[in-house]
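Please read them with the coordinates open beside you.

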Amino acid sequence: MSEPNKSVEIPTELPVVPLRQFVVFPYMAIPLFLARDRTIQAVDDALAGERCVLLTAQVDPEIEDPEETGLYRHGTVAMVMRSMRLPDGRVKVLVQGLARAEIEDFIDRDSALWACVRPLPADCEPAWSVEIEAVMRAVRSRVEELLSLKNLPPEVLSVIANVQEPGRLADLVASNLKLRLEDAQEILEIQDPLARLRRVDTLLRRELEVTAMQAEIQSQAKEEISRGHREQYLREQLRAIQAELGEVDPRFEELEEFRAKLRQVGLPPEAETEALRQLQRLERMHPDGPEAQVVRGYLEWMAELPWSVSSPERLDLVNARAILDNDHAHLDGIKDRILEALGVRKLRPDSKGPILCFVGPPGVGKTSLGRSIARAMGREFVRVSLGGVRDEAEIRGHRRTYVGALPGRIIQGLRQAGTNNPVFMLDEIDKLGSDFRGDPSSALLEVLDPEQNGKFSDHYLNVSFDLSRVFWITTANLLDPIPSPLRDRMEVIRLPGYTPEEKVEIARSFLVPRQMEEHGLTTDAIDWSREAVERVVTSYTHEAGVRNLERQLAKVCRKVARKTAEGDRSHVRVTARTLARFLGPPRHLDTVPNSIGEVGVANGLAWTEAGGEVLSVEVETTEGQGLVLTGQLGDVMKESGQTALTWARVHLARCGLDDAPLARRQVHVHLPAGAIPKDGPSAGVTLATALVSLATGRAVRADVAMTGEITLRGRVLPVGGVREKALAALRAGITQVIVPERNVPDLDEIPREAKRRLRFIPVATMEQVLAAALEAESPAPRRRPPNRGSNRSPTVPAAAAAEE
C-alpha cells in the first residue's frame, strides 16, 4: 500500500464503478476484474479524463445491472493506475483509493453511469490523547492475535505498527479483514476517525470470538477423527494377531459387523449412544445367554430401521392426478384433497402432512385409495390392520424384559417399508379394543399428533424415532366408535356408497379387465355387454361398495376359464339373457313400489354400514292398551316410537279427530327383518306417519320414502346419511323422498344423475310430512282400521289431517 498523491484534484463529476461483495477504502490498492459493459465504459471514460472513478458497493450483489437506488450513496474516489484487456473480454485494472466521497446526484448518460460527487473532508490528525493511544494499542494487539488464527499476511503487522493516525489505521485493518458488506460500508461512512477505530475494534473482538470457536470445533472434529482412526487401527492389529495365532473369534466378526451397520444407517445421536452402549454390553456377555439374545435382536432392529433413508418425493400434480384417475373412478373431492396436500408439500417441503381418516362402508375403495396415494407421491405403502387390537404394546412395543419382545406395529411397518416417509395406513381404526393390558387408542394419540410424533417413543427401542415425515391415513366403517380425542387429530373424509350407474362404470372400466387378467382371459375368450353388467349390479348384489360385485364378476370369469382350460375355445358373450347360466337366478329382485298405498304402512330410510336401506314400518292395533315395538329395535328407536305415538294422539285431538284407535287399543309397531338389529335417531317421521295413517284410514303413498326425527311439538330434526338414504330410495324404485329442511345443503353430495331421478320434499314440521306422504283421499283403502269404542269414524278428509 503506497501513499496516494494528495495533490490530485478530485473532479465533481465522476464515472461510477459498482462493486459486488466488498468495499474499497482510501489508501487501498487493489486489482479489479471488470466484465460488465457499462463498468468497462466507466473505466474508459476515466482513462480519457482525469483517471478518477467512484467505487461504490451494490446493495444487492446479485443484480447484474443495478439502478441508482441499488447503490450505496457513499463510496471511495480511486485513481486508475493501470488497465489491461484480457483474452476473455474482461478488463483488469489496478486502482488506488484516494478519498471518501458522497453521491449527490446521478447523471443520465447512455454509455456509463456518472454521478455528481462531493469529496468528504480528509481525516484531520487529532492531538495525542490517552484514549486514542489505548484504542490503537488494543487494535494492534487484536490484529496480532488474529494473525496466527486467520493466516493474515505477515507484513500487515509491520505496516500497522508504523501507522499513527487512528482513521488511517481503521481503514487499513478493515481493508484486510473479510468483513460483511454491511459492516464494511458502515466503517466507510463513519467520518470521525476515533469512532471509526472503535467500530473496527468491536468487529475485531467479534472476529476473534468466531475464529476461536471455529478453531475449537475443528480441533474437536480432528480429535474425533483421530480417535476413530486409532480404534480402527488397533482393531485391525488385533485381528491380524488373532489370525496369526489361529484364534479368530466368530463373535468378534459379529460385533464388527454390527458396528459397521450401525455406522452406516445414520443413527441420531441419542440412538447411536444407546446402540453403542448395548454393543459394549454384548461384548462382555456370554454369547449363548438369554440376555445376549435379547441384545442381539435389539441391535438388529436398530441397524435395520430407516433412520435416515427417505423416498424421493414425486410432486408432479398432473402425473398424480392421472394416477388417481387411472386407479379410481369418481371420488373427485378426495382426489382434490390429496392434490392439495401435494401442492402444499411442493411449496413448503418441511410442512407437516395431513392425517386423513377415510370413513365409509366396506368395499368403497378405502384401502386401494391409500395405495394409489402412495403411488402418486412416489412413496412406499404400508398397511397395518388394527381390527381387534386390545394391547397397548401392539402400538408402543414390548419392553425388553424377556426373550421374544418386539417393537410395536408402527416400528415394524417402517422396517417393512425401508424408508422413514412412507404412506402408512392404519386400517379399521374404529375396531380398536381395550382391556386390562391398556388402551391402544390412547397410544395412537402420540402417533397421530403432528406436535408429538417427531419424537415417538417405542418401549422396545427405548429411544425416539421421528414419525413426522410419514403420511398417515386411517380407515373406518363408522366414526362413532373412534374416541373423540383421537378423532380430533384426524381430518375425516367420508366415502359414501356408489350409485348403480357409478358401479356399472367402475365394473366396465376397472373390475372386468382386472378379473379377466387374473383369470388369464382375453377379449377373444369373453366379452361383456353393458346390460349384463347392469343386471349383475341390480339383481345379484346389494351393497354400497363393489366388493361383492367383483366376486360375482370373478365367478363368471372362473366358469369361462374352466371351459377354456378344458379345450373349448369358443367365444363367450355375456349378456343379460345368458347371465343366469353363470350366476343362477337373481339374488336381489328389484323392489317395485306398490301402485296403491297401504294404511298403516310407511317407507322409511335408514343408514347402515353397507349404505342406505329402505325399511317398511307396519302399524296395527289389537285388543288391549299400550305400545308394542318389535323387529329388534334399539333404545333410541323405541324412544322415537313413544314420541311419535304421543304426537299422533295430540295431533288427532287438535284436529278434532277421534284418537281412540291409538289411545284405547294396543298399538303394535313392527319393522320387518326381525333378525337384524335396528337403531338410530331418524325413524320418528316414518313412525308418526304410519300411526296417523292407521288412525285416519288414509293410505301412505307407496312412491314416497322419508327420513327425519321429530319432537313432541312436531318439529322435524335433521339426520345424517342423506346421500346413502337417497341412493337406497333410488335402488328401490321410489321417486319422492321427504327430508328435513335443515338437510337441504346435504343434497349437494348426491350425484347429479340420482338427483335428476328423485324429487326431494323438504319439510320442517310433521304437518308438512303428512300433506306430502298421505294420499289425498282413500275411497277404498287396502285396510280399514277398526272403529271400536267410538262413535266417530277415523276416516277424515284430506284437509283435516294436515290442516296445521
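1. Strand 7 (residues 355-359) and strand 12 (residues 471-476) pair in the parallel sense over five bridges, where pairing requires that DSSP finds at least two bridges between two strands, and where strands (E, at least two residues) and helices (H or I, at least four) are DSSP runs numbered from the N terminus. Within this pair, Leu356 stands opposite Ile473 of strand 12.

2. This is a predicted model, in which local features need pLDDT of at least 70 and side-chain atom pairs count only at pLDDT 80 or more, while totals for chains, interfaces and linings use all residues. Residues are numbered from 1 along each chain as its sequence is written, and side-chain values use heavy atoms, with hydrogens and water left out.

3. The two strands of the opening point belong to an open sheet of five strands with parallel pairing, in the order 8-9-12-7-13. Strand 8 (381-385) and strand 13 (491-494) are its edges, each pairing on one side only, and neighbouring strands are turned by 20° against each other on average, direction ignored. Helix 11 (residues 332-347) packs on the sheet and touches strand 7, strand 12 and strand 13, its direction making about 150° with that of strand 13; contact here means heavy atoms within 4.5 Å, and angles run from 0 to 180 degrees between N-to-C directions of axes fitted to C-alpha atoms, for helices over the stretch in contact.

4. Which residues of strand 23 lie on each of its covered faces? Gln736, Ile738 and Pro740 are on one side and Val737 and Val739 on the other, all of them buried, that is, under 20% relative accessible area with a 1.4 Å probe, counting protein chains only. In a regular strand the side chains alternate between the two faces of the sheet.

5. Strand 23 (residues 736-740) has parallel partners in strand 20 (residues 704-706), over three bridges, and in strand 24 (residues 759-763), over five bridges. Ala705 has Val737 as its bridge partner in strand 23, whereas Val739 has Pro762 as its partner in strand 24.

6. For the chain as a whole, there are 27 helices and 24 strands. The radius of gyration, taken over C-alpha atoms, is 43 Å, well over the 28 Å that the globule rule gives for 804 residues, so the chain is more spread out than a compact globule; that rule is 2.2 Å times the number of residues to the power 0.38. Of the 804 residues, 49% count as buried.

Note on methods:
Buried < 20%, exposed > 50% of the residue type's maximum accessible area, 1.4 Å probe, protein only.
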